[in-house]
Amino acid sequence: MPDSSELSRRRAELTENWSRWVAARDPAWGPAGGPPGRREVADSWRRSIPTVDPHRDGAPVTDGGAVHPRWNDSPLRGPVTAVSAELRSTAEDAGYIAAVTDRTGTILWTCGGSVMRRRAERVNFAPGGRWNEPAMGTNALGLTLRTGRPSTVFSAEHLVEALHGWVCYCAPVRAPDGRILGVIDLSSTWDRCHPMAMSLVRTVASAIEARLAEPARPARHRLSAAAAGTPTAVGAPVRAAAPGAGPTPDRGRGPAPVRPQRPDASAGDGLDAPAAPDPLAPDSGVDVAAASPPTAAAPGAPPPAPPGAEGGPPPGPVLLRCLGETAHCVCDGAALRLPPRQLEILALLALEPLGLTPAALRLALYGDQPVTDSTLKAEVSHLRRALGGHITPRRYTLTRPVTCDAVQVLRALDTGDLATAVRRYRGPLLPRSDAPGIAVWRRRIEVAVRSAVLGSEDPELLLRYGAVAPDDAEVHEQTLRRLPPGDPRRAGVRGLLSAARAD
């Protein structure tokens, strides 16, 4: 982990970069040139500079700061209330402030220690402040709303100079149909930059999405507006590791700082197949047993595998197929027959490479069912044993690489490789699973792939997707529009369309 001097050096480099390209507006910044560093930050600077003053002192205010009506009507209010106790405790202990916005980037809710809240209020990082990119230029909330992906913005990557003392971590919160409802944010001073903060943000976003996917709860489970007062209600906790141990800022100490990571940074992409044929490849022909379900969190690649117990080579990747009707796992070249619940856990950890706390995992697997800690621990212990011990305790994280078809699809979509995404998409994520976290990820992947396919003009992609979504009349209609009039495959598509409409 980098020390404070390395973090200071990074901040100084960014400040010099900002001074040249933003404050002084270097003439070399033309269509073919621009500042070094992260491309998404430079692009955001370019978009923001014409309309946002880099020297403004805070965010503009929405509705005069009176956002209680918005919050009371927000679909996020109930789920956020349910996790607020743990989120507040974590933010206060680690010296962060947490915030939730709506889809416009207007902050509706915050929590944190008094020192951090006062600092945040100086730049209007408080309920009513509007933090989308057109309002405040380059910042993590604005980037997340624009890209739909988790974002980190550190120090002088912010366009507005008043934010150069901050680091912010954000993740989108999506409705079950894939729409972005808002953003969950964790922010602190730049010297408290810590990679675990992004893991926490993703975990909380996933927990909120899992609750959004649940059926409406009885009234006794909802906190009334009168009882809630300001939006800081306490509910069932989802514990997540604090982003660095240590007291709050007013005590003068903090977690060991690290260099800020790109929001999509990872130790590897998990896409490389081993030397032997990849059993997850579409035409591999590998015949293994069927199984069932996984969980919720943000996709990415697993961390590097540690050396073997005796100092030998690291273990090979686990190959996991969890899309479509047939789920299976291959470990060390042999089929690994796992019960449905353990497949759910493995898929969850593959989708969330930074891991999940026991409370977050329990929520994603069981929802509100009265399941004991010992039941969850037993399931994880059985899976850990099957994987040769490669799951960390306390915060459950895989310590060997996993090649997962669901992750491959999401990564292909992120890079714009729709052909690969459609080729690897064999159907819904563990369709027999009723775990809340699985349901969230199932919808997210379905919506992402389907939207990309419907926006494509390639009939081959539409045909391939239509084969795994035979009940989707809109896809078949689009396929008929794209296929040439004399294409013999039109007859088959008409048959699928007729059956889909009949249903």
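In strand β5, the bridge partner of D102 is G182. I start there because strands here are DSSP E runs of at least two residues, helices are H or I runs of at least four, and both are numbered from the N terminus. Two strands count as paired if DSSP finds at least two bridges between them.

Some ground rules. This is a predicted model, in which local features need pLDDT of at least 70 and side-chain atom pairs count only at pLDDT 80 or more, while totals for chains, interfaces and linings use all residues. Residues are numbered from 1 along each chain as its sequence is written, and side-chain values use heavy atoms, with hydrogens and water left out.

Now the overall numbers. The protein has 18 helices and nine strands. Of its 503 residues, 54% are buried; buried means under 20% relative accessible area, exposed over 50%, and partly exposed in between, with a 1.4 Å probe and protein chains only.

β5 runs antiparallel to β1, and six bridges join the two. β1 and β2, the latter being residues 107-112, pair in the antiparallel sense over five bridges. They form a hairpin with four residues between them, and G105 in that turn has a positive phi of about 90 degrees.

How is β5 paired with β4? The pairing with β4, residues 166-174, is antiparallel over nine bridges. R174 stands opposite I180. This is also a hairpin, with five residues between the strands, and G178 in the turn has a positive phi of about 100 degrees.

What about burial in these strands? In β5, nine of the ten residues are buried. In β1, residues 97-102, six of six are buried. In a regular strand the side chains alternate between the two faces of the sheet. Both faces of β1 are covered, with I97, A99 and T101 on one side and A98, V100 and D102 on the other.

Next, another sheet. Four strands form an open sheet in the order β8-β7-β6-β9, with mixed pairing. Its edge strands are β8, 334-335, and β9, 402-404, each pairing on one side only. Inside that order, β6 (318-321) and β7 (328-331) run antiparallel and are joined by four bridges, with V318 having C331 in β7 as its bridge partner. Helix α13, residues 405-414, lies across β6 and β9 and runs at about 70 degrees to β9. For that angle, axes are lines fitted to C-alpha atoms, for helices over the stretch in contact, and angles run from 0 to 180 degrees between N-to-C directions.

Then the aromatics. How many aromatic pairs does the structure hold? Three. Rings of Phe, Tyr and Trp (its six-membered ring) pair if their centres lie within 6.5 Å; planes under 30 degrees apart count as stacked, over 60 as edge-to-face, and the rest as tilted. F125 and W131 have ring centres 5.3 Å apart and planes at 75 degrees, so they are edge-to-face. Both of these residues, F125 and W131, are buried. Y425 and Y465 have centres 5.9 Å apart and planes at 20 degrees, so that pair is stacked. The tyrosine pair links distant parts of the chain, 40 residues apart: Y425 is in the loop between α14 (418-424) and α15 (436-454), and Y465 is in helix α16, residues 459-468. Y425 and Y465 are both buried.

Last, a charged residue and its surroundings. E209 is in helix α8, residues 196-212. Is E209 buried or exposed? E209 has a relative accessible area of 3%, so it is buried. Leaving out residues up to four places away in sequence, E209 touches P172, V173, R174, V440 and R444. R444 also has its charged end over the ring of W441, 4.3 Å from the ring centre. The criterion there is NZ of Lys or CZ of Arg within 6 Å of the ring centre and within 35 degrees of the ring normal.

Definitions and conventions. Contact = heavy atoms within 4.5 Å.
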